[in-house]
Amino acid sequence: MKKTFIFSLMLFVIFLVLPVVINHPYYRHVLIMMMIWATLGVAWNILGGFTGQVSFGHAAFFGVGAYTAGLGNVHLGLSPWWGMLFGPIFAALIALPIGALTFRLRGPYFALGTLALGEIFYIVFSNWKSFTKGAQGILIMPQFTDKLPYYYLALGMLITAIVISFLTVHSKAGYYMVAIREDQDSAEALGISTARYKMLALLLSAFITGMAGAFYMNYVNFIDPAIVFSLSDVSVMIILVVMMGGVATIFGPVVGAAVYIGLNELLRAQLGSANALVFGILVVFIILFMPNGLVGEILMRFRKNVQGKKRGEVSGTFGS
Amino acid sequence: MALLEVKGVVKRFGGVTAVNNISFSINEGEIYALIGPNGSGKTTLFNLMTGVFTPTNGSIYFLNQRIDGWPTHKIIALGMGRTFQVVRPLKRMTVLDNVMVGAFLHTGHKKEARDLSLQVLKETGLIERVYDEARSLPIALRKRLEIARALATRPKLILLDEVAAGLNPKEVEKVMELMVEMNRRGITIILVEHVMKVVLGVATRALAINFGRPIVEGSPYDVVRHPEVITAYLGERHAAH
Amino acid sequence: MLEFLQALIWGILLGGMYALIAIGMTLIMGVMKIINLAHGALVMVGMYITYVLNIRFGLDPYIGLFIAMFALFLLGAFIQLLLINRLIDVDAILPENQVLLTVGIMVVLTETMRLLFHSDYRSVQTSYASWNIRIGDISLSVPMTIGFFVALIFVVLLHLFLKHTHFGRMIRATAEDRVAAQYMGIPPKIVTVVTFGLGSALAAAGGALLLPIFYLWPDIGHLFTAKAFIITILGGLGSIVGAFFGGLLIGVFESLGATYVSMGYKDIFGLIVFLLVLLFLPGGLKSLRIPVLRRER
């Protein structure tokens, strides 16, 4: 645990200072996008990697967060930054009925149920033109001209997400969530109210995802339902990002996001629109040969070399 | 005052009646054996007691509260623990973490949970393997882990489902010792068992069932020798003796 | 009333073709128990093959269909053999690895087609595309009607294949209990490879039949994947008949929804039905079947 803490602290300092070194707006943009995706991945992982409930509908929370920020500005004249507070709240609110409906379903059926619900949100937001402006989308005035404040806000958001994730996982709730993932019936037989803890994981996950959505609205200044409620570009992509980096690890999603955005940008420069194809091939490759993601594989290799643990060290299940 | 009362419980699944009017009551401190051939309804009874199923008819009382219809976790929290016939360790968690999940039932603090877990693991003889992943354990130790985990929830009543199955004689004896020790510390036990050595060795009372119906209840020795019980297990010819 | 009938019939005809796509999926899901999110992409590839055969070689889509089926059979078999089969022995924290592999495959297929054909909407021009037959006051679109009957024929053929041929029986055995089937000498690898090929071929057929009616672009796969799922779950996993009627139902819902509510919201009805089925009738339409034999013990 100590090692992780020092490592994280070092990473934090590096990221804190990075924009001083990297001052070209394009590269700052890339870093900001990485942090948004890392936040999304960390959030999803609380429900998916740690509690074992694989949601294919997280775009619903992202979109609700983004639209809260945007619509608050368009309809009520509020600063879109209020979205950073209300976005997560509304995302958590819709998580309640979504969870109530889907948690009765297990495994792949849960995945399909969340997929359907995510799509329903997409259709509703596309068609309810009077409220959401439909496919036309929402346009707001940029709040800052420089990328720097966005960078630090994104960093703050990511760190918040990581801290929430870390604290949850290492608490009693975290043990319960992993137990639910490993064997839901055994978990019930140990006195765990699986319904309650699944909902808790979902609420935390939705909350952070909504926050990322609100930030996204503030950063890119234009959203429409096809962008923020997209099944393939948001919901599925979040899962792929987490899978690549390492399911059920704290830093896996961060690595996955870095790879995803980094690869996309790098490849786009080299190959134009073939970058998506290369990404797809990479996903197939990683799933076949590194099923626990990049970080997962590293941890497993590391664990094989270090047998025996110090007292109080939490098992590899929790990653670090 | 009985710890557990099962009153006229019936359970039907579509056209099949798995449990057909079974009643019994168990007092604190007993070790109660439930025996019967495969398919006689024993595990269904366990599932009814722990809230996995709801009785079609009848009622179940635990600690003077009517618990049929309660969700499983609520019954467990009240003080009932159980093991599963086919063991279900939380595979990717360590032995210690497995037991801690159980220990968290009565505390929110990691340190408390860990201390309790280590103690339970010492008592169940698993202390050497605390940091190993549960899936690396052989079957005998997995069964003990299953018991340890249930023990960590500090049950007043524990349901042991065929914990001696598939174990060699030495391992069976260890399990019997564990049961006696648990009981000595105040835990009431209901066990489903095919291994008669265990039934005759530790049980204070027994109930034999077949086709979901009770055959006979009494001291383990008497129950085991009852002609209908022998018929149920071994067939007509053997009962003649 | 006329409008209702018209919408109803359109829905049935459309549903028949949707059903053909879904039948491929239900077959795959029934046998391999995997969720194949690349199914729609396979449909899309089949459509592009049929499109190219039409544009380059002047082949009518109803003929190109067979070539596309053959090509997709090979593609599907290849995917199962080299990729999905590998995952059976892999132990990962989340069993959804298989699903995500199919997502990866979906991305590869979609992006490859995008590279070759770009994202422009394509369509085939056939002489009969806008022909209509009139029966009384109802007008039936010719491509829709032909498509429906061709789909129906394929469904019947598949049903007969599964019921009465040796290989069909092997497939059904593997679907019921893979391990038991193995013990009876049925090689799971061959069965799964052929099944995936067959499912893909049917998907291609469905796509080819829809080609005269839909615009074609790489992302159309997502649409078909979603529909195939809804129909598969609605009909009941592994049930060919269920998928057929499920397809008809979804086609009708869509058509009525588009006519009486709005074009934009038409897809939502299928999704809501899907959720309701998932929650309240998990066995799908298949589970509503009245058992022919009742044995009381």
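In this predicted model, helix 2 (residues 25-47) of chain A packs against helix 12 (residues 231-245) of chain A at an angle of about 85 degrees, their axes lying 9 Å apart. Axes are lines fitted to C-alpha atoms, for helices over the stretch in contact, and angles run from 0 to 180 degrees between N-to-C directions. Helix 2 and helix 12 of chain A are therefore roughly perpendicular (65 to 115 degrees). Helices (H or I, at least four residues) and strands (E, at least two) are DSSP runs, numbered from the N terminus. A:W37, A:L40, A:G41, A:W44 and A:N45 of helix 2 meet A:I238, A:I239, A:V241, A:V242 and A:G245 of helix 12, where contact requires C-beta atoms, placed from the backbone, within 7 Å. By class, the residues of this helix contact comprise seven nonpolar, three polar and no charged; Ala, Val, Leu, Ile, Met, Phe, Trp, Tyr, Cys and Pro count as nonpolar, Asp, Glu, Lys and Arg as charged, and the others, Gly among them, as polar.

Residues are numbered from 1 along each chain as its sequence is written, and chains are lettered from A and ligands numbered from 1 in the order in which they are written. Local features need pLDDT of at least 70 and side-chain atom pairs count only at pLDDT 80 or more, whereas totals for chains, interfaces and linings use all residues.

Chain C contains eleven helices and two strands, in the order α-α-α-α-β-β-α-α-α-α-α-α-α from the N terminus. Its radius of gyration, taken over C-alpha atoms, is 19 Å, which agrees with the value near 19 Å for a compact globule of 297 residues (2.2 Å times the number of residues to the power 0.38). Of these 297 residues, 52% are buried (20 or more other C-beta atoms within 10 Å of the residue's own). Among contacts in chain C between residues at least 6 apart in sequence, 78% join residues at least 24 apart.

Beyond four places in sequence, C:A19 touches residues including C:A151, C:V155, C:I231 and C:F244.

Between chains, 37 residues of chain A contact 36 residues of chain C. Helix 5 (107-127) of chain A gives the most to the chain A side, with eleven residues. This side has 27 nonpolar, eight polar and two charged residues.

Note on methods:
Parallel < 35°, antiparallel > 145°, perpendicular 65-115°, else oblique. Contact = placed C-beta atoms within 7 Å. Buried ≥ 20, exposed ≤ 12 C-beta atoms within 10 Å, placed from the backbone.
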